[in-house]
Amino acid sequence: MPIRTGKKTLAGYALLWLLVLLVLIGLMLSQAALVYSQDAQRQREKELLKTGDKLREAIEQYYDQSPGLVKQHPASLSALLNDTRFPNTKRHLRKIPRDPMTGAEDWGLVLDQFNNIMGVYSLGVQRPIKRYGFPTRYKDFEKKQTYSEWVFAHSLVPLTDQ
């Protein structure tokens with residue numbers, strides 16, 4: 001019995017191979033999108049660590065440079081932009097940075113007993129990719145489940161080996 005290789009049979013196989021090829025391309029694109037998404041999240045994590053630390057340093061600078069004997073934290077983040085406690089305006093920050101995890105200018109605030117700001121944290125509720133390898137100051141971030149638990153606060157107890 002001869003094998004038939006008509007145009008309809010070949011067209012059917014070509015369509016089948018085309019569908020298989022499209023499925024494979026779709027799978028590869030979804031993997032590429034996942035890798036890209038995770039890379040973007042890692043970049044935002046790095047930016048959060050840098051930005052949070054910059055805010056913490058500005059809060060510490062505001063506190064440490066308080067005039068007089070009584071030290072105080074800023075009443076608002078905008079006080080870090082325009083510190084009017086001195087004859088010449090002092091700027092601890094040029095602008096309030098955006099939260100890299102949410103893209104908003106809003107930050108969670110850690111308040112002291114006088115309702116002044118002694119720290120900030122992200123309002124992002126995603127699960128961090130980074131789980132270890134933090135600077136000594138932020139070693140406890142290894143145990144945290146969300147970015148909102150990464151608190152960048154002024155410690156009144158001096159830390160060694162920062």
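The questions below ask how some descriptions of this predicted model are reached. In this predicted model, local features need pLDDT of at least 70 and side-chain atom pairs count only at pLDDT 80 or more, while totals for chains, interfaces and linings use all residues. Residues are numbered from 1 along each chain as its sequence is written, and side-chain values use heavy atoms, with hydrogens and water left out.

Q: Why is arginine 56 called buried?
A: Buried means under 20% relative accessible area, exposed over 50% and partly exposed in between, with a 1.4 Å probe and protein chains only. Arginine 56 has 4% relative accessibility, and therefore counts as buried.

Q: What makes the pairing of the side chains of arginine 56 and aspartate 53 a polar contact?
A: The term requires a pair of N or O atoms within 3.5 Å, and within protein one must be able to donate a hydrogen and the other to accept it, while residues adjacent in sequence count only if both atoms are side-chain atoms. The side chains of arginine 56 and aspartate 53 are joined at 2.7 Å, and a polar contact of 2.8 Å joins those of arginine 56 and glutamate 60.

Q: Why is leucine 77 called buried?
A: Its relative accessible area is 12%, which is under the 20% limit, so leucine 77 is buried.

Q: Which residues is leucine 77 in contact with, leaving aside its neighbours within four places in sequence?
A: Contact means heavy atoms within 4.5 Å, and on that basis leucine 77 is in contact with Ile96, Trp107, Leu109, Ile117 and Val120. The C-alpha atoms of leucine 77 and leucine 109 are separated by 9.2 Å, with the two residues 32 residues apart along the chain.
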